[in-house]
Amino acid sequence: MAGTPAKKATRTAGGKSAAETAAPARPAGAKRVTGHPPKPESRTALVRRARRINRELAEVYPYAHPELDFENPFQLIVATVLSAQTTDLRVNQTTPALFARYPTPEDLAAADPEQVEEILRPCGFFRAKTRSVIGLSKALVEEHGGEVPGRLEDLVKLPGVGRKTAFVVLGNAFGRPGITVDTHFQRLVRRWRWTEETDPDKIEAAVGALFPKSDWTMLSHHVIWHGRRICHARKPACGACPIAPLCPAFGEGETDPEKAQKLLKYEKGGFPGQRLKPPQAYLDAGGIPAPPLGAA
Ligand code: SF4
């Protein structure tokens with residue numbers, strides 16, 4: 001990719017300024033601009049292209065990490081359950097008060113639901129979420145000695161925990177490879193024609209087969225980070241996308257570099273991130289912590 005916009009962008013990407021991460025529209029000589037490929041891509045070519053996209057994204061987001069603040073598996077599983085139907089930012093702004101008051105599964109299992117509801121109100125669906133996290137905590141206490149289990153088969157039996165939540169916990173709290181098929185992941189892998197599947201479990205299997213297992217967790221972060229910052233659902237910033245030369249969907253969004261630049265979010269647009277306590281690598285790259293709840 002030497003000399004392509006992708007390489008230029010990835011060499012300088014570090015979250016310091018949007019301009020540094022931007023790529024102009026598809027370069028001259030690129031094979032196509034929009035529409036389907038002229039002929040079906042071979043399996044080998046697909047695997048190569050998919051892995052190349054992941055490598056490029058690793059350069060664009062070398063500091064990629066889970067965007068929920070957590071200090072232990074219990075905090076991560078609760079935060080992941082709370083993140084349904086809301087942003088990670090809002091969860092991160094809410095959980096400090098929750099975990100200060102109820103630091104362990106035993107504490108939350110014994111909590112007065114009305115008091116938990118008050119704390120969780122900013123997360124939306126706070127009554128249902130209160131029931132979920134108290135029920136989850138009770139199950140952890142009664143069935144797992146107050147510990148979050150580190151096996152998929154145990155995690156998915158916990159109330160309110162599906163495969164997506166289980167893989168987030170396995171990948172990020174236990175270091176066990178997992179693919180997180182959230183809304184961003186589903187959208188991007190279809191844009192990239194990695195799979196035509198629509199069912200999350202089938203997407204997980206199809207994409208998992210393109211990569212070594214050891215790549216799965218970071219792959220999930222790279223894809224989700226790209227979806228949140230550049231390849232948005234309604235208006236992808238194609239003109240500022242470092243992987244444009246590898247993307248069959250280039251042109252689905254804004255291709256004008258200057259206009260695309262203005263669509264970038266979080267550190268790529270020079271804005272705060274979602275975590276109040278992001279990893280040091282993110283701060284070192286110029287990332288800005290999210291403000292606490294109620295801050296201007
Ligand atoms: S659709 Fe546009 S923004 Fe998304 S990956 Fe492709 S080129 Fe980049």
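Me: Is Ala97 buried, partly exposed or exposed?
Reply: Ala97 counts as partly exposed because 15 C-beta neighbours lie inside 10 Å; a residue is buried if 20 or more other C-beta atoms, placed from the backbone, lie within 10 Å of its own, exposed if 12 or fewer, and partly exposed in between. This is a predicted model, in which local features need pLDDT of at least 70, side-chain atom pairs count only at pLDDT 80 or more, and totals for chains, interfaces and linings use all residues. Residues are numbered from 1 along each chain as its sequence is written.

Me: Ok, now the ligand: how many residues surround it?
Reply: The ligand is surrounded by 14 residues, the closest being Cys231, Pro236, Cys238, Cys241 and Cys247, where near means that the C-beta atom, placed from the backbone, lies within 6 Å.

Me: Where does UniProt put the "binding site"?
Reply: The unreviewed UniProt entry places that feature at Cys231, Cys238, Cys241 and Cys247. These residues span 17 residues in sequence, yet no two of their C-alpha atoms are more than 10.8 Å apart, so they gather at one spot. Such annotations may be inferred rather than shown by experiment.

Me: And is Cys231 buried or exposed?
Reply: Cys231 counts as buried, because it has 24 C-beta neighbours inside 10 Å.

Me: Which residues does Cys247 contact?
Reply: Leaving aside neighbours within four places in sequence, Cys247 is in contact (C-beta atoms, placed from the backbone, within 7 Å) with Arg191, Trp192 and Cys241. With 22 C-beta neighbours inside 10 Å, Cys247 counts as buried.

Methods
Contact = placed C-beta atoms within 7 Å.
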